Amino acid sequence: MTLEELVACDNTAHKMQAVSQALEQLLVAAQRQDCLTVGVYESAKLMNVDPDSVVLCLLATDEEDEDDIALQIHFTLIQAFCCDNDIHILRVSGMQRLATLLGEGVQDSSEPRDLHCILVTNPHTDSWKSQGLAEVASYCEESRCNNQWVPSVALQER
């Protein structure tokens, strides 16, 4: 491995970690402001009614979901819709960390929400539009410039 390759790998790992942290902050802030739509069906309904309000679409899976053909078909359709409507898309792995961030599992009596698709909607105020949204959007744009239309990020358990 050359020095250039080694530096590129280190920069990529650092960038991924920064984007992962920015995404976590964004999700927590958006949930506090009620700017999250959770679930494949709920997300499809919102995108049908008000696609202009959506600023980011997260498609979350883990290894066990890779063989779920129905889920992959949903993802393909959602990705196509997001591309047509200039909505940033991000693939996310680490469903357990995602559930922890969104407070899933705290309410034992209710059925867990479908976290496979999460939409971040545009807030009515700028109070939570943190650096997180800008950093995630920038990462999505950079990835598209590199012909990676659906970039991915791994959320790490802590």
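Cys-82 is buried, with a relative accessible area of 0%; buried here means under 20% relative accessible area, exposed means over 50%, and partly exposed lies in between, as found with a 1.4 Å probe on protein chains only. This is a predicted model, in which local features need pLDDT of at least 70 and side-chain atom pairs count only at pLDDT 80 or more, while totals for chains, interfaces and linings use all residues. Residues are numbered from 1 along each chain as its sequence is written, and side-chain values use heavy atoms, with hydrogens and water left out.

The structure holds zero disulfides, a disulfide being a pair of cysteine sulfur atoms within 2.5 Å. For Cys-82, the nearest cysteine sulfur belongs to Cys-57 and is 3.9 Å away, and Cys-82 is in no disulfide. Cys-83 is likewise in no disulfide, for its nearest cysteine sulfur, that of Cys-82, is 7.1 Å away. Cys-83 counts as partly exposed, at 41% relative accessibility.

The interior can be considered next. A nonpolar core is a set of buried Ala, Val, Leu, Ile, Met, Phe, Trp, Tyr and Cys residues joined through side-chain atoms within 4.5 Å. The largest such core has 29 residues, of which Leu-23, Leu-27, Leu-56, Leu-90, Leu-98 and Ile-118 touch the most other members. Among the elements that give two or more residues to this core are helix 1 (3-32), strand 2 (54-60), strand 3 (88-93), helix 4 (95-101) and helix 5 (131-145). Helices (H or I, at least four residues) and strands (E, at least two) are DSSP runs, numbered from the N terminus. Helix 1 gives the most to this core, with six residues. Apart from this core lies another, of 13 residues, which includes Met-47, Val-54, Leu-59 and Cys-117.

Leu-23 illustrates the packing. Contact means heavy atoms within 4.5 Å, and, leaving aside its neighbours within four places in sequence, Leu-23 is in contact with Leu-56, Leu-58, Leu-90, Val-92, Val-136, Val-153 and Leu-155.

Charged side chains also meet here. The structure holds one salt bridge, defined as a side-chain nitrogen of Lys or Arg within 4 Å of a carboxyl oxygen of Asp or Glu. It joins the side chains of Glu-24 and Arg-97, at 2.8 Å from N to O. Glu-24 lies in helix 1 and Arg-97 in helix 4, 73 residues apart, so that the pair links distant parts of the chain. Both Glu-24 and Arg-97 are buried.

Strand 4 is mostly covered, with five of its five residues buried. Cys-117, Leu-119 and Thr-121 are buried on one side of strand 4, and Ile-118 and Val-120 on the other. Two strands pair if DSSP finds at least two bridges between them. Strand 4 pairs in the antiparallel sense with strand 1 over three bridges and with strand 2 over five bridges. Val-120 in strand 4 stands opposite Leu-36 and also opposite Leu-56.

Which residues of helix 2 (residues 40-49) are buried? They are Val-40, Ser-43 and Met-47. These residues lie on the same side of helix 2 because they cover an arc of only 65° around the axis, the arc being that of the directions from the helix axis to the C-beta atoms. An α-helix has 3.6 residues a turn, so residues three or four places apart point the same way. On the other side of helix 2, Tyr-41, Asn-48 and Val-49 are exposed. The buried residues of helix 2 are covered by elements including strand 1, strand 2, helix 3 (69-84) and strand 4.
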